[in-house]
Amino acid sequence: MMKAAYIRANSVTHALEILGDRWVLMLLQQAFFGVRRFDDFQRRLGLARSTLTHRLKHLVAHRILERQALDARDWRFEYRLTVKGRDLFNVALMCERWQRHWAAGEGQPVLRLLHRDCGQVIEPVLVCATCGDPVHARDVSYCDGPGASWIVREPRRRRRSSIDGPAPRKVQVSGELLELLGDRWTPQVAAVAFFGVRRFDEMRSSLQLATNILSDRLKRLIELGIFATRTYQERPRRLEYVLTGKGLALYPIMLTLMDWGDRWVANEAGPPLLLTHRPCGSRLVISVVCDHCGGPLLRDNVLPQFGPPPRSTERRFA
Ligand SMILES: [Zn+2]
Ligand SMILES: [Zn+2]
């Protein structure tokens, strides 16, 4: 039996403790598309009622969804996104962007975004709010913030990374993204790479993961094209794990998760980690904007559209 261990607190880990589950991610996506009722979630996701009940309870407990009575007489309820839940919109936009660029061609309808303010089909871009430039992993440095601390990594039973069964057909979250984010460890292994951790032993100690779990996740991340290996020593031969272009493109998702985590799940002292945007020298505050007009992207000014023709299937975010 593994003993509990301590790892450095960061808000990506905190956010993933809540969100890193395939059903939670799919449920949230449906909530953003305006689904509110138990039966509608169940019909769209095709999951067992007990599984749905469990995940809804989890999201209500974390105050991401709230249960509201529709009608006091017939005991019907609906589940609405809270302010905390709606604040995941930037994460949803960055996931959508990654998926469209890196996990297309799976026979899923293409989701496009129409920005009402400029009337264009657009690309959401994560920028530094101070200088307005797009943010790349290589341009960001990190230091301890006021909430820097160590958190207990609870030992868990070994769990395989592969998702159990195919994703339901009507779901527009790609299987790859679900596998990357919908698991407790996989995204954390990818996340440490953004802090410059590349070697197996460094990864194991910074994440306090069992060797078999780390090996399993690294193998899968290589199969998915997120990491490539590079030899850093010949005798004995040693490999390090470097992010590919597809892996580096996950960075905006990590930053939006950290940003949300800093706001909603960090301790009272403040964010555990402070980021600096090196090109402008400012403390990094992120913003997600339209690549066409540079305006902000908000839930009520972005229209999701599925595949061609866009007009006939126009919908609104909840
Ligand atoms: Zn900047
Ligand atoms: Zn625009």
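**Strand pairing, helix packing and core of the predicted model**

Within strand β5, Ile122 is the bridge partner of Leu113. This pair belongs to a predicted model, in which strand β4, spanning residues 111-115, and β5 are paired in the antiparallel sense over 3 bridges. Both strands are part of an open sheet of 3 strands, ordered β5-β4-β14, and the pairing in this sheet is antiparallel. Strands of a sheet pair in general through backbone hydrogen bonds, in either a parallel or an antiparallel arrangement.

Another open sheet of 3 strands has the order β7-β11-β12, and its pairing is antiparallel. Here the edge positions are held by β7 (140-144) and β12 (282-283), each of which has a single partner strand, so that one side of each lacks a neighbour in the sheet. Strand β7 is joined by 5 bridges to strand β11 (residues 273-277), and the two run antiparallel. Within this pairing, Cys143 stands opposite Leu274 in β11.

A further antiparallel pairing links strand β9 (residues 227-233) with strand β10 (residues 238-243) over 6 bridges. Ala228 stands opposite Val242 in β10.

In total, the protein contains 12 helices and 14 strands. Of its 318 residues, 36% are buried. Among contacts between residues at least 6 apart in sequence, 69% join residues that are at least 24 apart.

Helix packing was examined for α2 and α4. Helix α2 (residues 22-32) packs against helix α4 (residues 49-61) at an angle of about 75 degrees, and the axes of the two helices are 10 Å apart. This angle falls between 65 and 115 degrees, which makes α2 roughly perpendicular to α4. On the α2 side the contact involves Trp23, Val24 and Leu27, which meet Thr51, Arg55, His58 and Leu59 in α4. Sorted by class, this contact comprises 4 nonpolar, 2 polar and 1 charged residues.

Leu27 of α2 takes part in this helix contact and also in the largest nonpolar core, which has 72 residues. Leu27, Met254 and Leu257 are the residues with the most contacts inside that core. When neighbours within four places in sequence are left aside, Leu27 is in contact with Phe41, Leu45, Arg55 and Leu59. Of these partners, Arg55 and Leu59 are in α4. In soluble globular proteins, nonpolar side chains tend to be buried together.

Helix α1 (residues 11-19) has 7 buried residues out of 9, so this helix is largely enclosed by the rest of the structure. The buried positions in α1 are Ser11, Val12, Thr13, His14, Ala15, Leu16 and Leu19. The elements that cover them include α2, α8 (186-194) and α12 (251-264).

Most residues other than glycine have a negative phi, and most peptide bonds are trans. Arg63, a residue other than glycine, has a positive phi, near 55 degrees. Arg63 is placed in the loop between α4 and β2 (65-71), and it counts as exposed because it has 12 C-beta neighbours inside 10 Å. For Gln208, phi is likewise positive and near 55 degrees. Gln208 is situated in the loop between α9 (200-207) and α10 (211-223). With 18 other C-beta atoms within 10 Å, Gln208 is partly exposed.

How values were computed. Residues numbered from 1 in each chain as written. Chains lettered and ligands numbered in written order. Predicted model: local features only at pLDDT ≥ 70, side-chain atom pairs only at ≥ 80, totals over all residues. Core = buried A, V, L, I, M, F, W, Y, C linked by C-beta atoms within 7 Å. Buried ≥ 20, exposed ≤ 12 C-beta atoms within 10 Å, placed from the backbone. Contact = placed C-beta atoms within 7 Å. Pairing = 2+ DSSP bridges. Helix = DSSP H or I, 4+ residues; strand = E, 2+ residues; numbered from the N terminus. Axes fitted to C-alpha atoms, helices over the stretch in contact; angles between N-to-C directions. Parallel < 35°, antiparallel > 145°, perpendicular 65-115°, else oblique. Nonpolar A, V, L, I, M, F, W, Y, C, P; charged D, E, K, R; others polar.
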